[in-house]
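Welcome! Please take a moment to look over the sequence and the structure below, and then we will walk through some of the details together.

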Amino acid sequence: MSYLLIDIGNTFLKWGTYGEAPAEGRALALDRAQLFGRVLHEETSMVMAEWRRLPTPSKIVIANVAGTRVVNPVLRALEVWPDAPEPHWVTSKAEQCGVRNGYLNPAALGVDRWAAMIGARAILGERPALVVVCGTATTMDLLTAEGEFVGGGIMPGLGLMVRALHLNTATLPDAQGDYVDYPRQTVDAIASGCAHAQAGAVERLYFLHKRKHPDLRCIISGGAARTLGPRLTIEFTYHENLVLEGLYQIAASLP
């Protein structure tokens with residue numbers, strides 16, 4: 001038996017199947033991964049062909065930050081298993097899986113950030129963590145060694161930064177550039193400048209929080225994390241999808 005975990009972000013639907021957690025002890029999703037897929041929202045129906053070939057999952061856990069428009073397409077796709085359990089739609093709670101939510105209104109915290117912090121806690125254990133997820137937006141959240149989320153920041157993701165320059169200026173091109181140390185053409189200057197902005201924000205928060213949390217560890221995830229990672233001058237842990245890792249921990253905690 002396996003879990004089906006679905007991370008519906010602002011742009012993509014990412015899903016994975018994972019072996020069930022043991023009855024005793026803890027497990028990580030990355031150690032029990034079976035299959036993984038990613039589609040754009042408008043391509044959600046395409047997952048049905050692949051899901052039809054899979055056995056019925058024992059649990060279905062979903063994090064959705066894309067609003068109600070994607071709910072019905074996902075529910076239709078899940079109809080490939082007539083006997084599937086009801087999906088569990090994750091909401092941010094005051095406390096779950098060893099993480100305490102410090103938001104003034106805990107339910108207002110994005111479920112993707114909540115799941116990512118639960119995933120980071122499972123991977124790093126009882127140590128302070130700066131949890132950075134690089135997607136359509138880049139989020140930077142602080143977890144204490146005691147598992148308390150004390151606050152975080154959100155900024156445009158790398159792709160949004162690049163597109164904003166094209167859309168809001170008269171002459172800057174909408175073309176793919178590369179990071180270089182000394183850009184000598186505009187497309188590279190844009191790519192390099194935006195990469196520096198992302199890395200600089202992460203490092204600023206890291207050193208700010210490290211004053212109070214000397215054992216602080218940075219963990220990064222998301223589609224743009226592979227671009228951000230080489231630009232960072234601090235030590236960090238890379239994880240391909242912290243949201244799915246967190247969903248695995250939530251699934252294991254459900255009855």
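## A covered helix

Which residues are buried in α3? They are V111, R113, W114, A115, A116, M117, I118, G119, A120, R121, A122 and L124. With twelve of its 14 residues buried, α3 is mostly covered. Before going further, please keep in mind that this is a predicted model.

Just after α3 comes G125, with a positive phi of about 75°.

## Where α3 meets α7

Helix α7 takes in residues 242–253, and its axis comes within 7 Å of that of α3. The two axes cross at roughly 80°. Angles of 65 to 115 degrees count as roughly perpendicular, so α3 and α7 are roughly perpendicular to each other.

On the α3 side, the contact is made by D112, A115, A116, I118, G119, A120, A122 and I123. On the α7 side, the residues are L242, V243, E245, G246, L247, Q249 and I250.

## Where α4 meets α5

Now turn to another pair: helix α4, residues 158–167, and helix α5, residues 186–210. Their axes come within 10 Å and cross at roughly 135°. α4 and α5 are therefore oblique to each other, and α4 passes α5 in a right-handed crossing.

From α4, the residues making this contact are L158, M161, V162 and L165. From α5, they are I190, C194, A195, A197 and Q198. Eight of the residues in the contact of α4 with α5 are nonpolar, one is polar and none is charged.

## Two residues of α5

Is C194 buried or exposed? This residue of helix α5 has a relative accessibility of 7%, so C194 counts as buried. Leaving out residues up to four places away in sequence, C194 touches L158, M161, V162 and L165. For a sense of distance, look for V90: it lies 104 residues from C194 along the chain, and the C-alpha atoms of the two are separated by 32 Å.

A197 also has its place in helix α5. Its relative accessibility is 34%, so A197 counts as partly exposed. Not counting residues up to four places away in sequence, A197 touches M155 and M161. A197 and L158 are 39 residues apart in sequence, with 8.8 Å from C-alpha to C-alpha.

## A strand residue and its contacts

T139 lies in strand β9, which runs over residues 137–143. At 9% relative accessibility, this residue falls under the 20% cut-off, so T139 counts as buried.

What is T139 in contact with, leaving aside its neighbours within four places in sequence? The partners are R113, V131, V132, V133, G153 and I154. One of these, R113, is also among the buried residues of α3.

## A loop residue with a positive phi

Last, find C97, in the loop between β6 (95–96) and β7 (99–101). With a relative accessible area of 24%, C97 is partly exposed.

What is phi of C97 near? The angle is near 50°, a positive value in a residue other than glycine. For background, most residues other than glycine have a negative phi.

Methods:
Residues are numbered from 1 along each chain as its sequence is written. This is a predicted model: local features need pLDDT of at least 70, side-chain atom pairs count only at pLDDT 80 or more; totals for chains, interfaces and linings use all residues. Side-chain values use heavy atoms; hydrogens and water are left out. Axes are lines fitted to C-alpha atoms, for helices over the stretch in contact, and angles run from 0 to 180 degrees between N-to-C directions. Helices (H or I, at least four residues) and strands (E, at least two) are DSSP runs, numbered from the N terminus. Angles under 35 degrees count as roughly parallel, over 145 as roughly antiparallel, 65 to 115 as roughly perpendicular and the rest as oblique. A crossing is left-handed if the near helix is turned anticlockwise from the far one by less than a right angle, and right-handed if clockwise. Contact means heavy atoms within 4.5 Å. Ala, Val, Leu, Ile, Met, Phe, Trp, Tyr, Cys and Pro count as nonpolar, Asp, Glu, Lys and Arg as charged, and the others, Gly among them, as polar. Buried means under 20% relative accessible area, exposed over 50%, partly exposed in between (1.4 Å probe, protein chains only).
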